[in-house]
Amino acid sequence: MPPQPQPRVARIANREIQGTATSHIKSRVSAALDQRDCAAVVTLAPLRVVKLSPDALAAPSNPIARLPAEWEECVRGWGEPAYRGKQIFDWIHRRGVLDPDEMSNIPKVLRVRMKEEGVGWPIEVVSAHESADRTKKLLVGMPDGERVETVLIPQLADPRIVTQCISSQVGCAMGCVFCASGVAGLKRQMTDAEIVAQVLLGRRELDPDQRIRNVVFMGMGEPLHNYDAVARSLVLLTHPDGIDLSKRRVTVSTSGLVTQIDRLGKDFDGQVQLAISLHAVRDEDRSKIMPVNRKHGLADLTDALRRYPMPKRQRFTIEYTLIKGVNDSVKDANGMVELLRGIPVKVNLIPMNPISASELQAPDSSHVMRFQEQLTRRGLSVFVRKTRGDDVAAACGQLAFHGQGPRRASRTEQG
Ligand code: SAH
Ligand code: SF4
């Protein structure tokens with residue numbers, strides 16, 4: 001007798017879909033997705049469904065942050081056919097057209113309704129600065145006058161491929177002593193619409209031959225301290241009918257909010273890339289420069305990484321800002337190797353960008369190289385992030401807080 005095929009299981013939101021034939025499961029998954037508007041990825045062998053269910057999401061803050069099914073429900077309420085909802089989502093997220101008057105296949109009456117609802121740009125570019133290496137920094141203004149930054153960083157090897165660094169909060173509550181956003185404190189959360197609109201604006205600033213392939217939450221703010229808005233923006237950024245970024249190319253960077261790391265792993269099934277700002281390898285040292293460590297110490301943090309549902313062959317990015325005399329000794333390098341043992345990582349070393357509020361500074365470049373060697377010799381993959389956009393004041397949080405006067409500002413490239 002031929003062997004019986006093993007049943008395979010797909011999960012959508014909290015539902016399981018079982019079957020033996022992959023094609024059968026796929027069609028049932030698609031039907032469920034149409035109904036519930038999960039942005040899912042189904043891959044074969046092994047069959048894997050990534051659940052990004054709106055059930056797990058907080059309501060959108062603004063029409064711009066609606067998913068197709070939410071638009072459908074809305075237009076049905078206005079007495080219009082449901083397919084108009086998909087068309088509107090397509091205009092906003094795939095084509096980047098947020099002005100209803102420019103949505104040429106939408107009837108006038110619906111465009112008027114959308115304008116009454118407040119459909120339009122939730123943010124605007126206040127100023128743009130381009131550096132010699134084509135790194136472009138946008139100062140973004142919001143209706144209440146608050147400002148954040150977003151940076152477009154073309155790859156050195158192929159400038160057509162761009163990484164966009166986006167902000168998730170105005171300022172930051174985490175208080176890291178080496179960071180301009182941390183020193184400033186949290187002014188307010190950004191909304192889901194404001195977060196995602198940075199990418200919609202960013203695309204308009206590209207040259208015709210360029211495209212955004214990676215998005216990193218490494219601008220202003222701690223993304224996991226604004227979980228609901230960030231989660232919805234992740235669904236929107238990766239929605240196949242919209243901006244359609246690959247989840248493997250969206251990186252959330254965190255100072256180590258352990259509970260939210262667990263939640264992100266669960267909600268997105270480990271598919272979103274995670275970067276951890278480590279910056280020190282002993283609790284007493286890390287607590288001095290990163291107050292978050294007093295609540296979630298290194299053992300908690302590394303435990304969270306070990307239980308994160310990381311897909312095979314993927315790695316965490318460990319960010320390590322090198323600060324002279326603080327975290328750059330041989331003992332620190334050895335401590336890092338011990339701490340990260342058994343966790344799949346690549347390490348990005350970032351020589352610290354000086355900020356006006358602190359005397360801390362980067363080690364000299366030969367010291368950075370020696371530190372890198374210590375780690376590579378013991379088996380870690382280590383990149384030193386190159387400084388980019390020196391002439392456009394592009395460091396984390398610095399342009400938006402320009403009044404506080406950065407001494408030297410630069411942006412670093414994702415390694
Ligand atoms: N809040 C998140 C993401 C934003 S900060 C986090 O901390 O991970 C993005 C990265 O820039 C973090 O690794 C952060 O530690 C680093 N950073 C902040 N200020 C810096 C500075 N002055 N020099 C070098 N890196 C800095
Ligand atoms: Fe916030 Fe990240 Fe800056 Fe720390 S490094 S203060 S978590 S933005």
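Predicted model: local features only at pLDDT ≥ 70, side-chain atom pairs only at ≥ 80, totals over all residues.
Visitor: How many helices and strands does the chain have?
Guide: Helices (H or I, at least four residues) and strands (E, at least two) are DSSP runs, numbered from the N terminus. By that count the chain has 12 helices and 18 strands.

Visitor: How much of the chain counts as buried?
Guide: Buried means under 20% relative accessible area, exposed means over 50%, and partly exposed lies in between (1.4 Å probe, protein chains only). The chain has 415 residues, and the buried share is 56%.

Visitor: What share of the contacts with a separation of 6 or more joins residues 24 or more positions apart?
Guide: A contact means heavy atoms within 4.5 Å. Among contacts in the chain with a separation of 6 or more, residues 24 or more positions apart account for 64%.

Visitor: Which residues have the most contacts inside the largest nonpolar core?
Guide: A nonpolar core is a set of buried Ala, Val, Leu, Ile, Met, Phe, Trp, Tyr and Cys residues joined through side-chain atoms within 4.5 Å. In soluble globular proteins, nonpolar side chains tend to be buried together. The largest core here has 101 residues, and those with the most contacts inside it are Met-336 and Leu-375.

Visitor: Which residues does Leu-375 touch?
Guide: Set aside residues up to four places away in sequence. Leu-375 then touches Ala-333, Met-336, Val-337, Val-347, Leu-349, Leu-380 and Val-382.

Visitor: Where is Gln-374, and how far is its C-alpha atom from that of Ala-333?
Guide: Gln-374 sits in helix H12 (residues 365–377). Gln-374 is buried because its relative accessible area is 17%. Gln-374 touches Val-330, Ala-333 and Asn-334, leaving out residues up to four places away in sequence. Gln-374 and Ala-333 are 41 residues apart along the chain, yet their C-alpha atoms are separated by 6.3 Å.

Visitor: Which residues are the closest to ligand 1?
Guide: A residue is near a molecule if one of its heavy atoms lies within 4 Å of it. Ligand 1 is surrounded by 20 residues. The closest are Phe-178, Ser-253, Ser-277, His-279 and Asn-353.

Visitor: Which strands each supply at least two residues of the shell around ligand 1?
Guide: The shell divides into nine nonpolar, nine polar and two charged residues. Ala, Val, Leu, Ile, Met, Phe, Trp, Tyr, Cys and Pro count as nonpolar, Asp, Glu, Lys and Arg as charged, and the others, Gly among them, as polar. The strands are S12 (250–254) and S14 (316–322).

Visitor: How far is a polar side-chain atom of Glu-319 from an oxygen atom of ligand 1?
Guide: An N or O atom in the side chain of Thr-321 is 3.2 Å from a nitrogen atom of ligand 1. A polar side-chain atom of Glu-222 lies 3.5 Å from a nitrogen atom of the ligand. For Glu-319 and the oxygen atom, the distance is 3.1 Å.

Visitor: How much of the accessible area of ligand 1 does the protein cover?
Guide: Accessible areas come from the Shrake-Rupley method with a 1.4 Å probe. On its own, ligand 1 has 540 Å² of accessible area, and the protein covers 94%.

Visitor: Where is His-279, and what is its phi?
Guide: His-279 lies in the loop between strand S13 (273–277) and helix H9 (283–289). His-279 counts as buried because its relative accessibility is 4%. Most residues other than glycine have a negative phi. His-279 is not a glycine, but its phi is positive, at about 65 degrees.

Visitor: Which residues surround ligand 2?
Guide: By class, the shell has four nonpolar, four polar and one charged residues. They are Cys-172, Met-174, Gly-175, Cys-176, Cys-179, Gly-182, Gly-221, Glu-222 and Ser-255.

Visitor: Is Ser-255 buried or exposed?
Guide: Ser-255 is in the loop between S12 and helix H8 (258–267). With a relative accessibility of 5%, Ser-255 counts as buried.

How values were computed: Residues numbered from 1 in each chain as written. Chains lettered and ligands numbered in written order. Heavy atoms only, no water. Polar contact = N/O pair within 3.5 Å; in protein donor to acceptor, adjacent residues only side chain to side chain.
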